[in-house]
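Please look through the sequence and the model below.

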Amino acid sequence: MSDDVLNNIRKIKSRIEQACISSHRSADSVKLLLATKTVPAERISMALQAGHTLIAENKIQELKEKYDALKEIPHENHFIGHLQTNKIRELLKYNVTCLQSLDRRDLAEKLHQRLLTANQQLDVLIQVNTSGEESKFGVLPEETLQLVEQVSQLTTLKIKGLMTIGLLSTDTGKVRHCFRLLSSLRQQVIAAGIPDVDMKELSMGMSGDLEIAVEEGATIVRVGTAVFGQRPTPDSYYWNESATVS
Ligand SMILES: *Cc1c(COP(=O)(O)O)cnc(C)c1O
């Protein structure tokens with residue numbers, strides 16, 4: 001069982017490498033993040049022990065449940081799910097070092113208040129809805145620059161780049177369009193020269209579309225299924241909670 005996880009990671013690494021070669025990038029310019037939603041801590045620990053230490057959850061509840069089982073193994077926790085403001089306190093409690101899904105001003109302001117009180121800082125990526133699907137979270141492309149400007153004024157939040165979930169489609173042209181859009185927004189942000197904004201990271205690409213993302217400049221690809229197998233829960237459970245947005 002540990003073999004399949006490690007074999008799968010090996011395959012993913014080689015897919016990333018191939019995509020880097022074909023787009024004339026160095027293989028170490030892309031980090032592999034393991035998306036661990038629904039995956040039991042024992043399986044995650046296999047990956048961590050083998051040195052694949054960048055992981056992310058979508059729900060605070062799962063972060064909490066697996067925290068004790070994983071805390072002794074060195075690793076880095078990002079958060080990639082929709083974050084409700086009433087969960088901020090818990091996010092900070094479980095050592096998340098980067099919130100990749102910052103997508104609105106009120107969340108940023110509440111995070112900032114909490115971080116000030118705790119005398120802490122947090123890395124963030126701004127999540128952009130590049131696919132135009134209503135079910136996806138993320139700031140609209142045309143409002144991205146403004147959100148980056150607003151967040152950059154909050155001294156506890158350190159902007160490190162942008163994140164998106166591409167269109168889930170077999171039409172690779174449409175998928176590529178999402179990633180290209182994120183990349184061009186990054187250029188736009190860089191051109192605006194906003195102080196205290198780092199645009200190093202582009203977090204995009206998943207099990208099915210990571211090659212396209214790497215070709216379009218991804219620095220972090222987030223892979224779940226291709227490493228841990230099919231999930232029991234449909235993704236709509238994670239991505240389609242519009243009714244409960246706080
Ligand atoms: C689940 C998830 C992934 C990984 O998706 P796979 O298709 O399983 O590789 C990436 N990003 C986010 C935000 C996710 O929720």
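## Selected residues and the ligand site

His-112 counts as buried, at 10% relative accessibility; buried means under 20% relative accessible area, exposed means over 50%, and partly exposed is in between (1.4 Å probe, protein chains only). This is a predicted model, in which local features need pLDDT of at least 70 and side-chain atom pairs count only at pLDDT 80 or more, while totals for chains, interfaces and linings use all residues. Residues are numbered from 1 along each chain as its sequence is written, and side-chain values use heavy atoms, with hydrogens and water left out.

His-112 belongs to helix 5, which covers residues 105–118. Helices (H or I, at least four residues) and strands (E, at least two) are DSSP runs, numbered from the N terminus. The side chain of His-112 makes a polar contact of 2.7 Å with the side chain of Thr-156. A polar contact is a pair of N or O atoms within 3.5 Å; within protein, one must be able to donate a hydrogen and the other to accept it, and residues adjacent in sequence count only if both atoms are side-chain atoms. Not counting residues up to four places away in sequence, His-112 touches Leu-154, Thr-155 and Thr-156, where contact means heavy atoms within 4.5 Å.

### Strand 4

Ser-101 and Thr-97 are both placed in strand 4, and the strand spans residues 96–102. Is Ser-101 buried or exposed? Ser-101 is buried, because its relative accessible area is 1%. A polar atom of the Ser-101 side chain lies 2.6 Å from the backbone oxygen of Gly-81. With residues up to four places away in sequence left out, Ser-101 touches Phe-79, Ile-80, Gly-81, Leu-125 and Gln-127.

Thr-97 has a relative accessible area of 35%, so Thr-97 is partly exposed. Leaving aside neighbours within four places in sequence, the contacts of Thr-97 are Glu-76, Asn-77, His-78, Leu-122 and Asp-123. Thr-97 and Ile-73 are 24 residues apart in sequence, and their C-alpha atoms are 16 Å apart in space.

### Helix 6

Leu-145 lies in helix 6, residues 144–152. Leu-145 is partly exposed, with a relative accessible area of 25%. Which residues does Leu-145 touch, not counting residues up to four places away in sequence? They are Gln-188, Val-189, Ala-192 and Ile-194. Leu-145 and Val-189 are 44 residues apart along the chain, and their C-alpha atoms are separated by 6.1 Å.

### Cysteines

A disulfide is a pair of cysteine sulfur atoms within 2.5 Å. By this rule, the model has zero disulfides. Cys-98 is in no disulfide, and the nearest cysteine sulfur, that of Cys-20, is 20 Å away. Cys-98 is buried, with a relative accessible area of 4%. Cys-178 is also buried, and its relative accessible area is 2%.

### The ligand

How many residues surround the ligand? There are 13, and the closest are Lys-37, Asn-58, Ser-207, Thr-225 and Arg-231; a residue is near a molecule or strand if one of its heavy atoms lies within 4 Å of it. The shell divides into six nonpolar, four polar and three charged residues. Here Ala, Val, Leu, Ile, Met, Phe, Trp, Tyr, Cys and Pro count as nonpolar, Asp, Glu, Lys and Arg as charged, and the others, Gly among them, as polar.

| Residue | Distance to a ligand oxygen atom |
|---|---|
| Lys-37 | 2.6 Å |
| Asn-58 | 2.8 Å |
| Thr-225 | 2.4 Å |

Taken alone, the ligand exposes 390 Å², and the protein buries 96% of that. Accessible areas come from the Shrake-Rupley method with a 1.4 Å probe; for residues, only the protein chains shown count as cover.

### Two positive phi angles

Most residues other than glycine have a negative phi. Thr-38 is not a glycine, yet Thr-38 has a positive phi of about 70°. Thr-38 lies in the loop between strand 1 (31–35) and helix 2 (41–49). With a relative accessible area of 24%, Thr-38 is partly exposed.

Asp-196, also a residue other than glycine, has a positive phi near 65°. Asp-196 lies in the loop between helix 7 (172–192) and strand 7 (197–203). Asp-196 counts as exposed, because its relative accessibility is 62%.
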